[in-house]
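Hi,

Here is the structure I promised to pass on.

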Amino acid sequence: MMTSVDTDVIRVLGDPLRMQVVTLLAQETLCMSHLVEETGAKQTNLSNHMKVLREAGLVETEPCGRFTYFKLRPELLASVSAQFAELAESARTAAENKRACP
């Protein structure tokens, strides 16, 4: 069963720019300048999206001098992924079950 945290993560990842950021952060830790360069989005827009990702627990920050680096927290993604895998397995076995109409 999906929890409210998991459904929040799914909702957060439903935005194409946030999904792009998560994909980039899955490859390396990046600062805001890198994210602006890679996505082409405006810094203010990205800042708002990064706040949403942090609040959902998907991203954490790492201060480095006057820059802030962002890195992905893979354990949350792994948890949601495992739940989707369980749903897929359940759907495979349930495909043979058909409830009779009254």
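The side chain of Thr39 makes a polar contact with the backbone oxygen of Leu35 at 2.7 Å. By polar contact I mean a pair of N or O atoms within 3.5 Å; within protein, one must be able to donate a hydrogen and the other to accept it, and residues adjacent in sequence count only if both atoms are side-chain atoms. A polar atom of the Thr39 side chain also sits 3.2 Å from the backbone nitrogen of Ala41.

Before you go further: this is a predicted model, where local features need pLDDT of at least 70, side-chain atom pairs count only at pLDDT 80 or more, and totals for chains, interfaces and linings use all residues. Residues are numbered from 1 along each chain as its sequence is written, and side-chain values use heavy atoms, with hydrogens and water left out.

Back to Thr39, which belongs to helix H3 (helices are DSSP runs of H or I with at least four residues, strands are E runs of at least two, and both are numbered from the N terminus). Thr39 counts as buried because its relative accessible area is 18%; the cut-offs are under 20% for buried, over 50% for exposed and partly exposed in between, with a 1.4 Å probe and protein chains only. Setting aside neighbours within four places in sequence, Thr39 is in contact (heavy atoms within 4.5 Å) with Leu17, Gln20, Val21, Leu24 and Leu46.

Leu53 is worth a click. This residue is in helix H4 and is buried, at a relative accessible area of 0%. Beyond four places in sequence, Leu53 touches Val12, Arg18, Val21, Val22, Leu58 and Val59. Its C-alpha is 9.3 Å from that of Leu72, 19 residues apart along the chain.

And on the outside? Leu87, in helix H5, is partly exposed, with a relative accessible area of 47%. Ile10, Phe84 and Leu87 form a nonpolar surface patch.

Cheers

Technical notes: Patches are made of residues with over 30% relative accessible area and no salt bridge: like charges are joined within 9 Å, nonpolar side chains (Val, Leu, Ile, Met, Phe, Trp, Tyr) within 5 Å. Accessible areas come from the Shrake-Rupley method with a 1.4 Å probe; for residues, only the protein chains shown count as cover. A salt bridge is a side-chain nitrogen of Lys or Arg within 4 Å of a carboxyl oxygen of Asp or Glu.
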